[in-house]
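Here is a short briefing to read alongside the sequence and the 3D view. Keep both open as you go through the points.

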Amino acid sequence: MTNLLPLSIEEILAHPAFPTVLEFHTPDRQGSALVAEGRAGGPISIGYEVHGTGPVHLVWIMGLNAPKIAWYRPWYQHVARRIEMIRPKNLAARLEAAKANLFSEEWLTRPDDLGEFPTNADRFVAEDLWRIEKLPAPVYQGTLLQGLAVSWHYMGPERLKVLGAEIPDILVVTGDNDALIEHKHSDVLVDGIGGTVRKILFPGVGHCLQFEVVDEYHTMLEEFILHAQKKYWKS
């Protein structure tokens with residue numbers, strides 16, 4: 001397959017699909033909540049949104065410096081990538097770094113899955129540019145603190161065993177081409193949690209499964225949720 005050359009930032013901003021590449025969904029409820037009370041560094045306030053009113057409650061926790069709308073390694077490499085993420089850089093360099101960290105090269109160079117932009121890479125850049133234009137800029141100090149917390153966070157064997165003992169159904173999912181978090185870290189989680197924890201590995205896929213394997217991702221979530229409903233639902 002011939003790889004298509006990516007569009008420039010100017011070409012993406014002028015593309016007819018750019019104004020509607022993403023859209024806002026008005027939450028049914030929103031606010032802030034105090035977390036980490038009684039813990040070092042806490043409490044801190046985090047923003048939340050509630051969408052829908054159904055009986056099944058799904059909680060999505062955003063990753064490093066990611067807006068809520070985004071839901072729509074060896075150690076030295078891990079630290080180096082986290083430091084690189086929070087290092088100030090110009091827009092073009094930041095977008096290139098984000099693409100390399102989050103997605104597989106094979107997916108980036110494929111034609112846009114939704115058929116509006118030349119490549120998937122162009123669509124990702126368009127969505128990021130849309131967020132920059134429409135959403136408040138993140139506070140840099142907050143991004144820096146998030147990066148430090150993520151890089152030095154430690155979940156030891158004792159805490160993993162407690163997690164496995166208290167939560168009966170855990171699914172660990174990763175792509176084996178994840179450049180942001182080396183996929184072998186998932187084996188540490190699975191071995192430490194023990195019990196009935198399950199692992200799914202997506203070959204050739206990067207960090208953002210929900211972009212690269214959309215159908216498989218949705219099917220996986222649906223099966224996991226339906227299994228939990230049948231097992232624990234109280235009529």
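How many bridges join strand 3 to strand 4, and do they run parallel or antiparallel? There are 5 bridges between strand 3 and strand 4 (residues 198–202), and the two strands run parallel. Please note that this is a predicted model, where local features need pLDDT of at least 70, side-chain atom pairs count only at pLDDT 80 or more, and totals for chains, interfaces and linings use all residues. Residues are numbered from 1 along each chain as its sequence is written, and side-chain values use heavy atoms, with hydrogens and water left out.

- Strands (E, at least two residues) and helices (H or I, at least four) are DSSP runs, numbered from the N terminus, and two strands pair if DSSP finds at least two bridges between them.
- Gly175 has Phe202 of strand 4 as its bridge partner.
- Strand 3 (residues 171–175) is mostly covered, with 4 of its 5 residues buried; buried means under 20% relative accessible area, exposed over 50%, and partly exposed in between (1.4 Å probe, protein chains only).

**Helix 5 and its surroundings**
- Helix 5 is largely enclosed by the rest of the structure, because 12 of its 15 residues are buried.
- Its buried residues, including Phe124, Leu129 and Trp130, pack against helix 1 (9–13), helix 3 (91–102), helix 4 and helix 9 (209–212), where contact means heavy atoms within 4.5 Å.
- Thr119 lies in the loop between helix 4 (105–108) and helix 5 (120–134), and counts as buried at 1% relative accessibility.
- Thr119 and Trp107 are 12 residues apart in sequence and 8.7 Å apart in space, C-alpha to C-alpha.

**Salt bridges**
- The structure holds 12 salt bridges, each a side-chain nitrogen of Lys or Arg within 4 Å of a carboxyl oxygen of Asp or Glu.
- Arg123 pairs with Glu116 at 2.5 Å, N to O; Arg123 is buried at 8% relative accessibility, whereas Glu116 is partly exposed at 39%.
- Arg131 and Glu127 form a salt bridge at 3.8 Å, N to O; both are buried, and they sit 4 residues apart in helix 5, about one turn of the helix.
- Arg94, Asp112, Glu116, Arg123, Glu127, Asp128 and Arg131 are linked in a salt-bridge network.
- Lys134, partly exposed at 41% relative accessibility, forms a salt bridge with Glu133, with the closest N and O atoms 3.6 Å apart.
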